[in-house]
There are 2 protein chains.
Amino acid sequence: MTDTTQKHQATLDQAVQALHGRTFFAHYPENPSPDVYGADADAQGRAAYDARRNQPFAELQQGAPEAWAGQEDSPYEQQPLGITYPFYAPETLVRNAQEAFGPWRKLKPADRAAILIEALEGMKTRFFEIAHATMHTTGQAYMMSFQASGPHAADRALEAVAAGYEEQTRFPETTQWDKPMGKYTISLNKSWRAVPKGVALVIGCATFPTWNTVPGMFASLVTGNPVIIKPHPKAVLPIAIVVAEVQKVLVAHGLPATICQLGVDANDRLITKELAENPSVKLIDYTGGTEFGNYIESLQSQGKVVFTEKTGVNSVILDSCDDLDKVVQNLAFSVSLYSGQMCTAPQNFFIPEQGVKVAGTLVPYEEVVQKLAGAVQGLATNPKAAPHVLGAIQNPATQQRVADMAGRGHRNALAHGTVDNPQYQNARTCSPSLYELDATQKEHFSQELFGPIMLAIKTKDTHESIRLAAELAREHGAISCAAYTTDEQIKEEIKDEMSLAGTAVSFNLTGGIYVNQNAAFSDFHVTGGNPAGNASFTNPEFVLKRFTWVGFREPVAG
Amino acid sequence: MTDTTQKHQATLDQAVQALHGRTFFAHYPENPSPDVYGADADAQGRAAYDARRNQPFAELQQGAPEAWAGQEDSPYEQQPLGITYPFYAPETLVRNAQEAFGPWRKLKPADRAAILIEALEGMKTRFFEIAHATMHTTGQAYMMSFQASGPHAADRALEAVAAGYEEQTRFPETTQWDKPMGKYTISLNKSWRAVPKGVALVIGCATFPTWNTVPGMFASLVTGNPVIIKPHPKAVLPIAIVVAEVQKVLVAHGLPATICQLGVDANDRLITKELAENPSVKLIDYTGGTEFGNYIESLQSQGKVVFTEKTGVNSVILDSCDDLDKVVQNLAFSVSLYSGQMCTAPQNFFIPEQGVKVAGTLVPYEEVVQKLAGAVQGLATNPKAAPHVLGAIQNPATQQRVADMAGRGHRNALAHGTVDNPQYQNARTCSPSLYELDATQKEHFSQELFGPIMLAIKTKDTHESIRLAAELAREHGAISCAAYTTDEQIKEEIKDEMSLAGTAVSFNLTGGIYVNQNAAFSDFHVTGGNPAGNASFTNPEFVLKRFTWVGFREPVAG
């Protein structure tokens, strides 16, 4: 154990430091170039993925399966992956986890952290395999599949490990307490333990199967809780590989593999609710839709600690800028990236009726809308860029949602279309559409329209834009906000209103940085300040609530 | 503002350091001696208290009252204090708080912390007045009234201020983030704000009107939330004085007094539920009974952040010791202190049927029970000590509970009696009673019997004692546990089991230190790890959940 702990202590210390500096830090390079990862890395990753097709996934070490199940389809090929995973009944998973609790919680936080970093190093060797697995489950394009599911996810996991380690070591393990009583002194030996809560459940989503799963997974693990990973049935493979890597390291250290289990649905038995309601399950991380998320949150009344990332309505506030073309290019990329299937994708574009001030001159509302539509259209029809930015649609329901919008009678500034993908002719695609609404039509823009749907909302002025964006965030949740203004007073008004609505704001982004992107070790992802969710990657609360401080004291032997 | 901030920065830094050292630290001396507080301090405090009797409490600066109300009685005199307090409708209190939110949240954490420490310095000048007010509302004896409501409460408040200040300043306010992109660098200016949640409510209890109120009150205030203090109608005066001191300092700094308001019940209108359910109330701290506490916790489903300290069933595990007489003396004091009306008072005494090993020899179960009864009886009938330890009974229902126990048919090893109080012949008193039960009678010992009721429970062996103590803590809550063992293996078993049940354990206490006592800056009070409550004075979670981190970013001007 000590060897592994020593091996990774520097990484751990560096990560803790990065958490507090919040300047740029990445432990895992995001560039999938051969220079970084080796000449054959991509080909080998692709081959490893191909070899898994139509096979049982046999890497897990968590005991004899009760059945085999698999329901994944490739959004690029629109046909089944044919991979099956071992199925275990919820009671088996929970019993296994309870049995594994003792040895795991009795390790020191530094030892647990090191084992988990060792597992992330294992994950790193499989980033390319995970990338192809992510493409063919989520529909993300190759670059995003690599970055989001590989290095970015691993950095978010490392961030959670670092935060959890720091919180558990922030108070002394032991101390001597000497209280002067005048003529004598009362002396007590005191000690404290960070006591993990118990069995943890992490419920994954279909669009970001590792990125949204590993923070809660590694946060629960580093704080000593055994974890059951319940992936979305349509996106199992990427996280199954990560679980296999964790199990490999656990077993190599003489620990039960069942400290970290994969628990998949059977084709005829969905196990999430059974797991979530099991009285021994004390911690739940959830990413997904609001309705099920609200159910998960309701379990808090049973004493469970719950972290959610649900949906939100993200706003763009357009007030003033120096170069409108650069602004719409940036926004067009943000809405097109993975066809709007990101929790951080902008949806509502608030534009004042008198227009947007560009380098001192008002550009009329209509022209702003046209420019935005033009930029989106330009990107979606650019054969070199489009497939690599827009990717494919994960869920047919998203395509249906886009189609339904067309029938609602809103003025349509840009119709949705398909995206040419020369490599995958059967890819399920859909380019963004843009509708125009009025500020009074709140019922039409106050819900998340997950997918490539943009709404231009004409407001009286920027104050109304801010008021609406903040109100939507407070009442319906928001995970991102983009604002464009050259006016310092307006900027402060946006900061003040959006901060009260618990929403991070990106100002005046142009060029190669987008509102959708959140950097580990710098940007808190989801603040917990509005209905979009109460999990934040990674603020101290995200790890603290996973354990309890318990103290012991005894008189010093006289 | 800067003057006040500078004035208290050293105290603040020292307090933050103490939080992490967890060695002995007290900013407010607990000894009410003339040497410390001045020759006339007690007489002046008593006179100030006397002068308030039968008068309206006119010190608050929170606007014209809508009515006047007061319902306090002295447990020592069994007659009304006759003090009335300004009444405001819940909607008035909430509106005032919302209006005061802006100026308060816009201060820097260091400035808020300094203002609050200045208010604690004001509270310090009134410790003796608060002591007499506490005696005549709670029934605590003089020494406890002074220490618990004065210096100990002020230290807990300072602890919350320090923890809140530290958490809000733990991440940089601004930083520059430079991401190398190969041929160029993306540079963003980033900034973060700790955004307070909103209007906070603190619901006090009748037995510890300041000690249990100030942690939540000062924690919410230091993190920028305006606070409404809703005291128990039977114990208003001690905390009203504290609120008046806070308001005085706020006004002196040009801030609205309504940042911290007192909200009392009218004689015919209880306002707690109305306040708690008001949608603008975002934070609630509650101390009191379990039933109402569970209702308060249920409000979490409305997105409110809730901190509770409810009731628990505290255990004593008797296994082995060196000197049984010293052990029973210590325990007798613990159960007698304020007649068992403490959330940390022991109730269930688990004793193995084969007895307790004392210096290597087994003392039979019966003899242990007799010794315990004898020690309690000796203290209760000691005219010099008894009134100063046992104090008076706050609530007639507690006396009734003791009387009812006598009719339940349990074997009675010690009957309750009265406590002679030469100074207050009308004092409502009750000395502890001791009943014997068997380990199988769980339904009789698995609820809190608030007040001076002790249960001796005969178990098969210490393992059963531990199992039962841990089970009760897990299922019904516990705030303290005392254990006596000279066996290292048993000690580790107790630590492991009780830590999983989220219960702090005091081992082998004898002499002048008691299981009931929890020291600020060292002992976490209530861990949050069992149903007794989710508030912990003061772990980071206790302050973190009162605000949200929100980030802003913008490209560095090129």
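This is a predicted model: local features need pLDDT of at least 70, side-chain atom pairs count only at pLDDT 80 or more; totals for chains, interfaces and linings use all residues.
Strand β22 (residues 547-555) of chain A runs parallel to strand β21 (residues 505-507) of chain B, and two bridges join them. Strands here are DSSP runs of E, at least two residues long, numbered from the N terminus, and two strands pair if DSSP finds at least two bridges between them. I found Phe552(A) opposite Val505(B) in β21(B).

**Ground rules I noted.** Residues are numbered from 1 along each chain as its sequence is written, and chains are lettered from A in the order in which they are written. Local features need pLDDT of at least 70 and side-chain atom pairs count only at pLDDT 80 or more, while totals for chains, interfaces and linings use all residues; side-chain values use heavy atoms, with hydrogens and water left out.

**Contact and area.** I counted 70 residues from chain B and 70 residues from chain A in the contact (heavy atoms within 4.5 Å). The two chains bury about 6,100 Å² between them, 56% of it on carbon and sulfur atoms; this is the accessible area (1.4 Å probe) lost on being put together, summed over both. Phe24(B), Arg170(B) and Arg553(B) supply 13% of the area that chain B buries against chain A, more than any other three residues.

**Charges.** I got 18 salt bridges between chain B and chain A (a side-chain nitrogen of Lys or Arg within 4 Å of a carboxyl oxygen of Asp or Glu). In one of them, Asp496(B) meets Arg105(A), with the closest N and O atoms 2.6 Å apart. Strand β22 (residues 547-555) of chain B gives the most to the side of chain B that touches chain A, with eight residues.

How values were computed:
Helices (H or I, at least four residues) and strands (E, at least two) are DSSP runs, numbered from the N terminus.
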